[in-house]
Amino acid sequence: MDALLKLRVLIWVLVVSLWGLMVYQYLGEEEREAAKMQAIVNPYIREPAPPAPVPDEAALAALNAPASAPVAVLAPQPAAPPPGTPRPIADDPAARVLPAPEAVGPAPSTDRRPPAAAQPPVAARPQPAPRRRVQEDRSALPDPPLPPGFAKRVTRHFNVYSEQYPASDRFVELIEALHGNLMLDLAPFSPWAKDQRVTIYLFKSQQTYRQVTGRPSWSGGASSVPKRKVYVYESEELPGILAHELTHIYFDAFFIDGVANPLWLSEGMATLVQVERGLAAPNWLRDNLEILERGGGIPIESFMAVSTTSGWNDDRVRLWYAQAYSVVRFMIRTQYRSSFYKFSANLRDGQRADEALYRAYGAPYNRLKALEYAWRYELTRNSTVSRVP
């Protein structure tokens with residue numbers, strides 16, 4: 001009897017130990033990955049102006065002295081560029097580096113999209129027919145030709161075509177740090193990114209960016225997934241926009257030869273990576289997460305059926321983006337990452353969202369409503385607002 005009791009105790013100790021090990025690994029996953037994160041330094045952020053020096057008595061006396069004869073001061077002339085420097089693209093209207101028609105842009109901000117007069121009802125999205133399975137090892141693309149007015153710089157993971165002059169060392173450090181951070185989440189979806197390059201077109205200003213790409217005034221960047229091209233311009237928001245657009249390249253390409261990923265999944269992943277890997281949360285995100293935590297938002301079926309937010313007003317667009325971020329975060333951060341990968345692969349192979357969910361996550365996720373219940377419970381139990389940088 002004693003031997004049987006000892007055996008039972010030993011079995012329970014083993015079970016509890018295994019359970020504790022799993023919990024430790026699960027809870028420690030985010031902390032371990034945070035240690036791998038590289039610092040993101042924004043080379044375009046404006047430094048605060050230094051305080052003006054206090055003049056001494058001699059300087060004050062000189063200021064109060066009678067004015068002498070005026071001295072002619074010649075305005076400094078700008079230095080001529082080195083020989084062979086390409087002309088700026090603004091001087092060469094024939095230069096065009098247009099994104100493909102399927103190019104997409106980053107999440108909206110407070111100054112990007114004018115409010116619309118009315119909101120269209122959410123329409124059910126037709127289910128696309130399955131296509132062949134994607135090939136994971138995608139062939140390398142040839143380097144695009146250098147447009148007039150641009151200079152080229154090649155890094156380990158990028159071809160950078162920058163307007164007027166080669167990209168700076170600080171910009172190269174920024175994009176390579178972003179690449180390393182993004183791969184913490186996206187490496188399984190883009191194994192080709194280890195050895196193949198993405199092309200970045202870097203414009204000097206929003207004016208030339210819009211002149212060449214034809215994008216609207218609210219656009220901060222665009223991307224062409226099949227051609228692996230990103231179009232951005234120098235600004236303080238550049239790190240977050242780059243993280244968002246590069247996510248479209250690395251994540252959406254996973255679906256390129258299968259069924260296209262739904263808009264909520266694409267934008268939710270892009271916003272998640274922008275916030276947590278690019279460390280650049282949109283200024284509208286926190287307020288909209290609070291609305292979701294109070295029970296606001298769009299019912300899950302209608303939310304997932306959205307194929308465009310065109311014509312929506314600002315508030316509804318931002319709430320939808322915040323919900324996309326929050327749902328994707330729940331699926332990839334609070335569940336097993338392998339389950340999220342399987343879910344994405346199931347969608348790519350043509351399965352319905354509810355079927356893809358159940359086959360990847362198992363019980364109790366046999367319906368989309370079950371996902372909504374679990375997601376909202378997590379919102380009330382563990383606020384994500386405090387996690388927003």
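Which residues form a nonpolar patch on the surface? The patch consists of L4, L7, L10, I11 and L14, and together these residues have about 470 Å² of accessible area. Patches are built from residues with over 30% relative accessible area and no salt bridge, where like charges are joined within 9 Å and nonpolar side chains (Val, Leu, Ile, Met, Phe, Trp, Tyr) within 5 Å. The areas come from the Shrake-Rupley method with a 1.4 Å probe, and for residues only the protein chains shown count as cover. I11 sits in helix α1, which covers residues 2–36; helices (H or I, at least four residues) are DSSP runs numbered from the N terminus. With 46% relative accessibility, I11 is classed as partly exposed, since buried means under 20% relative accessible area, exposed over 50%, and partly exposed in between (1.4 Å probe, protein chains only).

The model is predicted, so local features need pLDDT of at least 70 and side-chain atom pairs count only at pLDDT 80 or more, while totals for chains, interfaces and linings use all residues. Residues are numbered from 1 along each chain as its sequence is written, and side-chain values use heavy atoms, with hydrogens and water left out.

The charged contacts come next. The whole structure contains 15 salt bridges, each defined as a side-chain nitrogen of Lys or Arg within 4 Å of a carboxyl oxygen of Asp or Glu. One of them pairs R333 with E276 at 2.9 Å, N to O.

In helix α11 (residues 353–361), E355 and R359 are 4 residues apart, about one turn of the helix, and their side chains meet at 3.1 Å, N to O. E355 is partly exposed at 26% relative accessibility, whereas R359 is exposed, with a relative accessible area of 57%.

In helix α12 (residues 368–381), R381 and E378 are 3 residues apart, again about one helical turn. The closest N and O atoms of their salt bridge are 3.0 Å apart. Here R381 is exposed at a relative accessible area of 52%, while E378 is buried at 12%. Elsewhere, salt bridges that share partners join D185, E276, R277, R329, R333 and R337 into one network.

Technical notes:
Helices (H or I, at least four residues) and strands (E, at least two) are DSSP runs, numbered from the N terminus.
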